[in-house]
Amino acid sequence: MTIQEFFSKYHFSANVDFEALLKTFDRQMDIGLSAEPSPSSLAMLPSYIDTSRKVPPETPIIVLDAGGTNLRVAVVWFDRNGKARIEDFRKYAMPGTQGESLSAEVFFDTFAGFLEPVCQRSEGVGFCFSYPTEIYPDLDGRLIRWSKQVDAPAVVGKRVGSCIAEALEKRTGRRLKLRVLNDTTATLLAGMAAGMSRQYSSYVGFILGTGTNIAYIERNARIAKVPGLNPEGSMIINVESGCFDGYDRSEFDYDVARALRDPDEGIYEKMISGAYIGTTGLMMLRRAAQEGLFSKPCADALLAWKELRTIDFDNFTHNPYIAGPFADLPMTEEDRRTAQALSEPLFIRAAGLTSVNIAQAVIRCGEGHDPLHPVCVTIDGSTYYKTVSAMFKSRVEEGLRTILEPRGIFFDTISVDDAPMVGSAIAGLIA
């Protein structure tokens, strides 16, 4: 069996039909914004943040960044060139991640304790809360469910912003306004700091790390699911693009899904993000071992593997002689050549899918047709910047040019240090 025959048998292709996938993305985005309940895998969550307001310089705002094992607190202000200045920075363990189940009262009081040392520095807080959350027009947020192993079940269903504010008021007598936003929305807003020294026409925020998501600015006239919006205005939409189901999965993808607790959630995310590519590679290599594409000693060793980290898979694909778990396999030169030839297409596919994800958001915002005012695409996440196989980052950028240049759309991809904190500060200042 040749490698191409193997891929065909298991319904895998590294070639992404950009135009067909863009149309499917656009259709599901329309459905997700419609007034009628309808089957779309894209949640299209309104942020209720209008980016038309300017960021006031030299105005301090408190920032909370809760997104994983760590929680960060700081005070941020911007100089007149848009440079973020971060002060009073402190880092804590995220409540509920230390092996003890927390009640809602303890959870919110713990957050209040983190805010107490800086609560006199500002009247408001920009709160980047990177968990599935329904945002309300007052920029409070109701937790839909926990992820990332946080153990505080009583917090689910509660408005996290107002509950923390109440806990802080009990401690200090001071009431602050917390403005809650998603980390992808914060990444988009971080680009506005760069926009203070350059005139961008619109902004997109994209994250590709452990997971993936994208946010863009949509015209209110197209957000039918929210009645009463000013049709002349706009707001940031959190697409939740990691849940997109409009691309056909290979048998390797189904193998990964069957091994997880949430087989039908995060379908797109499982094809491109750092939490899953290594597992997909392992499933593919094991199938190849069963099909006789490797020598028997190598195949037997691969079939005994229980896990494969994305970083190890990426490093081997980029350099098949690098130290790591693959170095311990009894591989012949032909085995090594076969493993690399099998593995690189997974990264090529991921780059193509990433290009479409970003490009569709850029197209959707309807801007960028003047080279003086391109669309600013702020990209965050270790998988995007650290993946070395298949010239991943360059391949994504090539895909963006292939899609956007014929449409006459100009864009600029940037990175912003501490993007979640910077974006949260902007949200606190303009919302």
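Author: Asp-88 has a relative accessible area of 34%, so it counts as partly exposed. The cut-offs are these: buried is under 20% relative accessible area, exposed is over 50%, and partly exposed lies in between, with a 1.4 Å probe and protein chains only. The model is predicted, so local features need pLDDT of at least 70 and side-chain atom pairs count only at pLDDT 80 or more, while totals for chains, interfaces and linings use all residues. Residues are numbered from 1 along each chain as its sequence is written, and side-chain values use heavy atoms, with hydrogens and water left out.

Asp-88 sits in strand β4 (residues 84–93). Helices (H or I, at least four residues) and strands (E, at least two) are DSSP runs, numbered from the N terminus. The phi of Asp-88 is positive, about 50 degrees, although the residue is not a glycine. Most residues other than glycine have a negative phi. Glu-240 is another non-glycine with a positive phi, about 55 degrees. Glu-240 lies in the loop between β11 and α6 (251–258). With a relative accessible area of 22%, Glu-240 is partly exposed.

Next, a covered strand. In β2 (residues 61–66), 6 of the 6 residues are buried. Ile-61, Val-63 and Asp-65 point one way, and Ile-62, Leu-64 and Ala-66 point the other way. Side chains alternate between the two faces of the sheet in a regular strand. β2 has an antiparallel partner in β3 (residues 70–78), with 6 bridges. Two strands pair if DSSP finds at least two bridges between them. Ile-61 has Val-76 as its bridge partner in β3. β2 also runs parallel to β5 (residues 124–129), joined by 5 bridges. There, Val-63 stands opposite Gly-126.

Contact here means heavy atoms within 4.5 Å. Leu-176 belongs to the loop between α4 and β8 (177–181). Its relative accessibility is 4%, so it counts as buried. Leu-176 and Cys-119 are 57 residues apart in sequence, yet their C-alpha atoms are 7.7 Å apart in space.

Leu-168 of that list also takes part in a helix contact. The axes of α3 (residues 104–115) and α4 (residues 160–172) come within 8 Å and cross at roughly 65 degrees. Axes are lines fitted to C-alpha atoms, for helices over the stretch in contact, and angles run from 0 to 180 degrees between N-to-C directions. From α3, the contact uses Phe-108, Asp-109, Phe-111, Ala-112, Gly-113 and Leu-115. From α4 come Val-160, Cys-163, Ile-164, Ala-167, Leu-168 and Arg-171. By class, the contact has 9 nonpolar, 1 polar and 2 charged residues. Ala, Val, Leu, Ile, Met, Phe, Trp, Tyr, Cys and Pro count as nonpolar, Asp, Glu, Lys and Arg as charged, and the others, Gly among them, as polar.

Now the open sheet. It has 6 strands in the order β1-β11-β10-β9-β12-β13, with mixed pairing. β1 (45–46) and β13 (411–414) stand at the edges with a single partner strand each, so one side of each has no neighbour in the sheet. β10 (residues 212–219) and β11 (residues 234–238) run antiparallel, joined by 5 bridges. Glu-218 has Met-235 as its bridge partner in β11. β9 and β12 are parallel and share 6 bridges. Gly-205 is partnered with Thr-378 in β12. β12 is parallel to β13 too, with 4 bridges. Of the 6 residues of β12, 5 are buried.

Helix α11 (residues 333–365) lies across β9 (202–208), β10 and β12 (375–380), at about 15 degrees to β10. The largest nonpolar core has 72 residues, and Tyr-216, Leu-285 and Phe-294 touch the most other members. α11 gives the largest share of this core, 13 residues. A nonpolar core is a set of buried Ala, Val, Leu, Ile, Met, Phe, Trp, Tyr and Cys residues joined through side-chain atoms within 4.5 Å.
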